[in-house]
Amino acid sequence: GSSLEPEERSMEPPAAPPEEEEEEEEEEMPLTAAPGPAGCQLFGYVGIEAVLDQMKVKTMKMGFEFNIMVVGQSGLGKSTMVNTLFKSKVSRKASQPGQEERIPKTVQLHSVTHVIEEKGVKMKLTVTDTPGFGDQINNENCWDPIIKYINEQYERYLREEILITRKRNIPDTRVHGCIYFIPPTGHWLRPLDLEFMRRLSKIVNMVPVIAKADSLTLEEQAEFKQRIQKDLKTHAISVYPQEDFDQDPDDRALNDRIREKIPFAVVGADQEHQVNGKRVLGRKTKWGIIEVENPAHCEFPLLRDLLIRSHLQDLKDITHNVHYESYRVRRLNESNGP
């Protein structure tokens, strides 16, 4: 029996290294296995990219909705600008040819809905005009009907959303973007402009533009823009695209270039003219034709790209995830309060 003790004692020291080796192996295992799922390489073609085609086909069948509001004084070319944006007669013409349009005594809202189709893609477009805004001698609280209308659309969507048996596709009448037309005075923003944009920028995507910019020289446009940008920063007015919602570095770089140009100096026209053998949209003057879609003549192409070609889906996402979400939280807190 005493001969076994040295053997047991001799077995204890070599038993420790294998355990240490096992511990080292257990510690090394996660290091080699961790990159596997993140950097997984496929042995062949799976077809994951086909989901993009599925989404495209589904969107083309269902179509999508886009709602825009134009706000400004009468005579700034709001209807013409909307028609120029979508190259069709989509905006409301209140007066008949040869008749003068009477200025409403109060701010009224008129919505016109059209279905526009281009290359198989259908878009249900709703244009909301605000005749009577800023046309009175006393414009106190003239923004109240506009704020009420925007909140009513949020309320309508919220009521459909909280139903027990709700629709598969809830009709979206929320305002995704508001184009505010600034008169081309060339001096500074009026108190009405500042107060309206300060209130509306909190509940909707606000895009300010300088209307009928062809009435200003290039030097006047540049100086007017600088004054407007300074006023917006002084009064903490956040216009679209907002800096707080830039997440991707590439998007931030693109939006920074857009913010440098805001407000856009735009010119609208719904008539075509012959220029160098081509039919172009423009305004004919004694000294030539102002081409609306020429970046050297005005900044209408920048506005069109922002609203339609590059940021249309982003406008809808911010409306749903930010403005509507804040309204939804506020309403639910009110209903759950004491």
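Two strands pair if DSSP finds at least two bridges between them. The views below come from a predicted model.

**View 1. Strands β8 and β9 pair antiparallel.**
Strand β8 covers residues 278-285, and strand β9 covers residues 288-291. The two strands count as paired because 4 bridges join them. Thr285 stands opposite Gly288 of β9. A hairpin of 2 residues connects β8 to β9.

**View 2. An open sheet is built from 6 strands.**
The strand order is β2-β3-β1-β4-β5-β6. Pairing in this sheet is mixed. Which strands lie at the edges? They are β2 (110-118) and β6 (264-265), and each pairs on one side only.

Look for Ile210: its bridge partner in β6 is Ala265.

**View 3. Helix α5 packs on the sheet.**
This helix runs through residues 144-161. It touches β1 (64-71), β2 and β3 (121-129). The direction of α5 makes about 170° with that of β1.

**View 4. Leu192 sits in helix α6.**
Helix α6 covers residues 191-200. Is Leu192 buried or exposed? Leu192 is buried, because its relative accessible area is 13%, and buried means under 20%. Leaving out residues up to four places away in sequence, Leu192 touches Phe133, Gly134, Asn139, Cys142, Trp143 and Tyr180. Take Asn139, one of these contacts. Leu192 and Asn139 are 53 residues apart in sequence. In space, their C-alpha atoms are 7.8 Å apart.

Technical notes. Residues numbered from 1 in each chain as written. Predicted model: local features only at pLDDT ≥ 70, side-chain atom pairs only at ≥ 80, totals over all residues. Heavy atoms only, no water. Buried < 20%, exposed > 50% of the residue type's maximum accessible area, 1.4 Å probe, protein only. Contact = heavy atoms within 4.5 Å. Axes fitted to C-alpha atoms, helices over the stretch in contact; angles between N-to-C directions.
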